[in-house]
Amino acid sequence: MSLEGIQGILKAGGFLLDSTSGFGDCYKLELGNGWLVSAYCSFEGNPLAGDVDKTSYKDVDIQLHNMVGTSYICSTEQALKENLLCIIDTLRSNSDDDKILKCPKCQIRYVNTNTPTAGQKWQPYLSCSGMQVVAIGDNKGVMCDGVSEKLPAVVNY
Ligand SMILES: [Zn+2]
């Protein structure tokens with residue numbers, strides 16, 4: 001996907017370039033309800049092998065800021081163009097009343113996407129942002145192990 005093409009579509013949707021790294025560019029959109037949408041565009045190539053092509057994007061990952069809720073991944077320019085407004089509408093309706101984004105177990109924290117890396121076979125899922133090891137040894141455990149099935153974890157276009 002060409003950088004210019006994707007930038008044009010995102011800017012038309014109201015996104016602004018927020019930050020850039022060796023892995024890709026991150027664009028942001030303010031929804032006006034206190035929530036931000038991030039569109040993370042990863043560069044073509046393998047950054048670990050040092051052969052990144054900074055003139056084209058591999059895919060665009062659109063999600064509420066801090067990896068909250070569903071991750072929408074567009075792998076073609078056409079898919080981004082056709083679905084961007086619908087994705088933004090869905091993210092806005094999820095965040096206007098953000099109960100659907102909260103962990104069903106503790107009902108306090110938001111849910112984050114968990115996605116397998118290459119070679120792992122499990123399906124992506126949404127889990128409580130409090131799911132983290134809080135200590136080691138005898139106190140080893142998680143603060144909250146809630147998992148939400150109210151929303152899809154990942155949607156690919
Ligand atoms: Zn929780």
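How many helices and how many strands are there in the protein chain? There are two helices and nine strands, where helices (H or I, at least four residues) and strands (E, at least two) are DSSP runs numbered from the N terminus. Please note that this is a predicted model, in which local features need pLDDT of at least 70, side-chain atom pairs count only at pLDDT 80 or more, and totals for chains, interfaces and linings use all residues. Residues are numbered from 1 along each chain as its sequence is written.

From the N terminus on, the order of elements is α-β-β-β-β-β-α-β-β-β-β. Along the principal axes, the C-alpha atoms fill a box of roughly 50 × 40 × 25 Å.

Let me turn to the hairpin. Strand 1 (residues 16-20) and strand 2 (residues 24-30) form a hairpin with three residues between them. Their pairing is antiparallel, over four bridges; two strands pair if DSSP finds at least two bridges between them. Leu17 has Tyr27 in strand 2 as its bridge partner.

Now to the interior. Of the 157 residues, 29% count as buried, that is, with 20 or more other C-beta atoms, placed from the backbone, within 10 Å of their own.

Methods
Buried ≥ 20, exposed ≤ 12 C-beta atoms within 10 Å, placed from the backbone.
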